[in-house]
Amino acid sequence: MTSEKKSRRRRFRASGMMAGSKDLLWVLLWLLGIIAMGVWLAFFLNAPARALVEQAFANTLYGAVCVVAFALFMGWAVALALHGLESARRRAPYLVLTFLLNLLRSVPQMVGMLIGYALITGLIRREALPSTASQILLTSVITAVFVFQEVVDLIVERIRHYEHLEFYNALLVCGVPPRVIINREILLKNSLAHLVQKSVSLFGRAIFLICSIDFIISVGLSTEVSLSNLPVTLGSMLAKLDSKQDILVIGTAFTDPRIIGTLFFEHLQGISIAFLIVYTLMCVYRIANGLMERYRL
Amino acid sequence: MSSPSAEQTHRSLRSILLDHLLSVVVVGVALLALSFLVRTKPGGSPHRFGKEIEAYLNIDSVDWSLPLDRALFRDAYRQFHGASEQAVDSVMNAIEDARLADFTDPTRKVGGGPRALTLSAAIELVPMYAAFVAVFFTVLLITYFLARAAAVWKFVLWKQRRSSYLRRYFVALEYGGVKNAILRADLLAKAAAKGFASIVLFSPAYVIAYSLRTSLDTENIFFLVLLAIISNGVLINFANRLYTLMVAESRKGYVDTALVKGVSSGFRWDAKDGLRRSVLLAPVRRSAGHVFREIYRNARLQFIPSTKEHITFIVTGLVIIEMALNIKGHLCYALLQHILYKEFDIAIAIVFGIYLVVKLTEAGVDAWHAIELRKYDNDI
């Protein structure tokens, strides 16, 4: 076999592997995109603005990771409670819990989060939340309250799926307690891919919600005074006047293509924030989809 | 007489509808209690702050909206009084409170507007509410049909084993060299167009709206509907859910049985045993005698309940658009204004109105699902 054929075959094998694990490909693309943008900003954006963008990105990611962690914790706990009540045939508490979950499911996330943010703003003004970390943690808890039902649905569905199989009864006969069967055998050993995929998709949802609520609070409620000193995120950064002006230039570029070049040198703050939001959302969606395809979830 | 299973479906629909009604009552009572607690007092007394704070606010050379001026004041205050960081923070918070109280003073509200939830205030909300409901249902319907077409399109391409444009381009490049690279440049253009469409579909509404604000009128209702459909990932998530269900259905045993029985199973467009392109518009009617019909129908049955998730997501999208773009005369803009001016009872009434729309639509979806389920009952 000639060396050219060998290299061709190698390249095809590599592209085939990438097609089979699109999630990894998109993780790689996301990291490369972020690094490339970081390098670009290091050359062309002034240091204070760059520090703000970096801080906003870090806070947004930290917030989204916390949302996923809280949502998994809440979802796991509520799903186990639901299953426990159902198994113990305690119909009244089971119905109450299901009713409350359905009630929460029908609240549009943005409306619920607005109410939650009003509470946080009050606490910050009373200096009850002194550190940035504690403010982000509390906002994450509120966001998680409006997304954790997806985790509950997934866990309940996985438990039901395995209960209908011989697997569950066989383990019971072997003397394994139901608690261990559910937590270790069903969820950790046989549903890890599902949980990871759900976590990735929740991560994307959390970024979208955090950015949107911060944008609304920053731009919608007031342009003259800061209603609260919430930690800076990509959403609140985008709402700043200079970032908004940068974004407005995109529209001007449609009618005056000569200024397209300036977008990447003179309007970097707004453009880079918009890029970080959109690119991250797109990549996270692709990663979640890739996981779904790879594990046939 | 209906069969037991039909009776069961009927009963469960009734209990589901009762569940929705109970939710509305519970939320309504809770919000009513809350609105009494936070009820706006007509002609409330203006805020008064200490003389020290008012004196600081009256310093002519300080523009309090500028971060630089605030930072300079901080340093000056710390050095002049020899104050600790905590004491400076306290003064700065008091100044911010005073400015906020002044800014949210009802006398400064543009256009006046109602202060408390009275009958006239409720009547003023009605046209805004009607417009919100109309926009919501329009967006929901268009999104459903577009997502359905997109999901069917993606599924057929998946069955055709089509690889991505970029991959096909690289294969052409691998085997045909530079000449093929030039001849198949259309694949690159298609990949770029697909990439651009992805960026638009994943962009939050405010990014798109602000990008187009200088060249388009972004405050009319058509733009609002368009934005609600194409942005925030609404369409792509909606379509992907149906596509995933169709892929899962196509892997089930009954599909193989149907193929053995000789049902059409080709997925090439307009081929003899393939699918007509009109299947994108009417998937059931235009696929008679094809295995796709059963795959689609079974996937749709599971897809209907998941529509409820998308309802709340569409409402979230609309709230974001109306609030972020500050479109005057729209319900969510009014909601934001009432929150800003602490007219919480009116804000709560608006929130309840939005909740009511969601619940009504969810009840409709449940009824639709129950009707579809009945079609599968053997009622002979």
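This is a predicted model: local features need pLDDT of at least 70, side-chain atom pairs count only at pLDDT 80 or more; totals for chains, interfaces and linings use all residues.
Q: Why is α5(B) called oblique to α9(B)?
A: Two packed helices are described by the angle between their axes and the distance between the axes. Helix α5 (residues 119-159) of chain B and helix α9 (residues 221-230) of chain B have axes 9 Å apart, and they pack at an angle of about 45 degrees. Angles under 35 degrees count as roughly parallel, over 145 as roughly antiparallel, 65 to 115 as roughly perpendicular and the rest as oblique, and therefore α5(B) is oblique to α9(B).

Q: How do you know which residues of α5(B) meet α9(B)?
A: Two residues are in contact if their C-beta atoms, placed from the backbone, lie within 7 Å. By that rule B:V135, B:T138, B:V139, B:I142, B:T143 and B:L146 in α5(B) meet B:I221, B:L224, B:V225, B:A228 and B:I229 in α9(B). Sorted by class, this contact has nine nonpolar, two polar and no charged residues, where Ala, Val, Leu, Ile, Met, Phe, Trp, Tyr, Cys and Pro count as nonpolar, Asp, Glu, Lys and Arg as charged, and the others, Gly among them, as polar.

Q: Does B:N232 count as buried or exposed, and how do you know?
A: A residue is buried if 20 or more other C-beta atoms lie within 10 Å of its own, exposed if 12 or fewer, and partly exposed in between, with C-beta atoms placed from the backbone. B:N232, in the loop between α9 and α10 (234-250) of chain B, has 28 C-beta neighbours inside 10 Å and therefore counts as buried.

Q: Does B:D270 count as buried or exposed, and why?
A: B:D270 lies in the loop between α11 (253-260) and α12 of chain B, and with 9 C-beta neighbours inside 10 Å it counts as exposed.

Q: What makes the phi of B:D270 worth a remark?
A: Most residues other than glycine have a negative phi. B:D270, although it is not a glycine, has a positive phi of about 55 degrees, and B:N232, also a residue other than glycine, has a positive phi near 60 degrees.

Q: Why does helix α8 (residues 166-173) of chain A lie largely in the open?
A: Of the eight residues of this helix, the number buried is zero, so helix α8 of chain A lies largely in the open. After α8(A) comes A:G175, whose phi is positive, near 90 degrees.

Q: How do you know the number of helices in chain A?
A: Helices (H or I, at least four residues) and strands (E, at least two) are DSSP runs, numbered from the N terminus. Chain A has 14 helices and zero strands, and chain B likewise comes to 14 helices and zero strands. Of the 297 residues of chain A, 36% count as buried, and of the 380 residues of chain B, 28% do.

How values were computed: Residues are numbered from 1 along each chain as its sequence is written. Chains are lettered from A and ligands numbered from 1 in the order in which they are written. Axes are lines fitted to C-alpha atoms, for helices over the stretch in contact, and angles run from 0 to 180 degrees between N-to-C directions.
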